[in-house]
Amino acid sequence: MHYLYLAVIAAVVLGVIVGFAAPDLAKELKPLGTGFVNLIKMMISPIIFCTIVLGIGSVAKAAKVGKVGLLSLGYFLMMSTFALAIGLVVGNLLHPGEGLHLDPAAAAKAHKQAEGGEGTVDFLMGIIPTSFGSAFTEGQVLQTLLVALLAGFAVQKLGTKGEPIRRGIEHIQRLVFRILAMIMWAAPVGAFGAIAAVVGETGWGALRSLAVIMIGFYLTCLVFVFGVLGSVLWLGARINIFTLLRYLGREFLLILSTSSSESALPRLIAKMEHLGVSKPVVGITVPTGYSFNLDGTAIYLTMATLFIASAQDQPLGVGEQISLLLFMIIASKGAAGVSGAGIATLAGGLQSHRPELVDGVGFILGIDRFMSEARALTNFAGNAVATVLVGTWTKEFDRDQANRVFSGQAPFDEATLIDDHPDTSQDPEGDREKAVAHA
């Protein structure tokens, strides 16, 4: 597996070279990157289903699952609001787009992006799948989450009669993770195609013309991750942010090459369990966080909106910015952790809030692919931190195991992606002993 990730790095470099040397050829390579991300996304629903059902099924008291969910949602709301506020502050300091005097007519194609936006009611109703099986076939994370929660509680209520079902799902989980490990060998090909295509399409022109907002956005994300998330992680769990991110280094490389945080979702679930966070906490916090804890997307939404408004000589006043902040808190909850979803959410939000600014979304399309890298990386870091914190606060985090992992004494099994260390910790309320290991 070490050679695999060296191959990914080499593929990214080669993709950049091909993108500049033969841009027309590079554009034709885009399906390679798209195909690899689709292979990963194919595995997300079964992995989430198995993880949540096994997590809830191993907990004796349903109230404990509800406690984890409420604590997670409260933390997500607080951090995403903070991220949106930071985006507004930095945007007002940098004044991105000021003096460009761009013509909105040149960006009319952005209207197509707005059609993908949805209202709050539509978003909530979309959580309910049309059928039990459609939750797995339509690729909707929240629909899978709902079905998995219902199935998990059902297995829990069955008691001893539900044990054969739980053991069967354990075997299915092993099969799913083995398939994922096989798919990962296609990562260099996917990374090469994705990077080559975006470099071939944009070149240096887009980077030069919109460097201010892009660099400002990257710096803001860095400050948020290492300043805000780092402080919260240390105060809440006494863990160094650099240590945690180093443990997740391969996942960050995968996200960087595919521009999709969803490509690392299955590995985040496996690695958080290996780190010592209990199955119920991981099974609830990680999938929920991918829809409700999008810190990078939150920063992007506010900074991009200020850029679009300034570029069209329609700057927003303080009152408008505050109302926009409140609106985006809701709008950002509908953004998926996939490349391009941020643009659709931005356009949909502006269509509902300031429709006269929607055409300006087209101005940012040229570098959106590069900004989506930082969005995805920040979203992923936020969800990793959230999982450790919720595990700590609910006393479902094995600190001794974490110390062994960070020190290199308990390396992660890259071949199976399955955690085989037994967690013998007892729940403080007297729940039965949890078996994290698979027999």
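## Spans from the record

How far apart are the end C-alpha atoms of residues 36-56? In this predicted model, they lie 31 Å apart, and the span is 100% helix and 0% strand. Residues 68-94 are likewise 100% helix and 0% strand, with their end C-alpha atoms 39 Å apart.

Both stretches come up in the UniProt record, an unreviewed entry, which annotates them as "transmembrane region".

Let's look at helix α16, which runs over residues 279-292. From its first C-alpha to its last, this 14-residue helix reaches 19 Å, close to the 20 Å expected at 1.5 Å a residue. It's mostly covered, too: 14 of its 14 residues are buried.

Helix α14 (residues 249-258) is largely enclosed by the rest of the structure, because eight of its ten residues are buried. Among those buried residues are Arg250 and Glu251, along with Phe252, Leu253, Leu254 and Ile255.

Val155 sits in helix α8, made of residues 141-158. With a relative accessible area of 9%, Val155 counts as buried, because the cut-off for that is under 20%. Along the chain, Val155 and Leu54 are 101 residues apart, yet their C-alpha atoms are separated by 8.8 Å.

## A nonpolar patch outside

Now for the surface. Tyr3, Leu6, Ile9, Val13, Leu14 and Ile17 form a nonpolar patch there, and together they have about 640 Å² of accessible area. One of them, Ile17, belongs to helix α1, residues 2-21.

Methods:
Residues numbered from 1 in each chain as written. Predicted model: local features only at pLDDT ≥ 70, side-chain atom pairs only at ≥ 80, totals over all residues. Heavy atoms only, no water. Helix = DSSP H or I, 4+ residues; strand = E, 2+ residues; numbered from the N terminus. Expected span 1.5 Å × (residues − 1). Buried < 20%, exposed > 50% of the residue type's maximum accessible area, 1.4 Å probe, protein only. Patch = residues over 30% accessible without salt bridge, like charges linked within 9 Å, V, L, I, M, F, W, Y side chains within 5 Å. Areas by Shrake-Rupley, 256 points an atom, 1.4 Å probe, with all protein chains shown as cover. Salt bridge = Lys/Arg side-chain N within 4 Å of Asp/Glu carboxyl O. UniProt positions renumbered as here; feature names shortened; annotations may be inferred.
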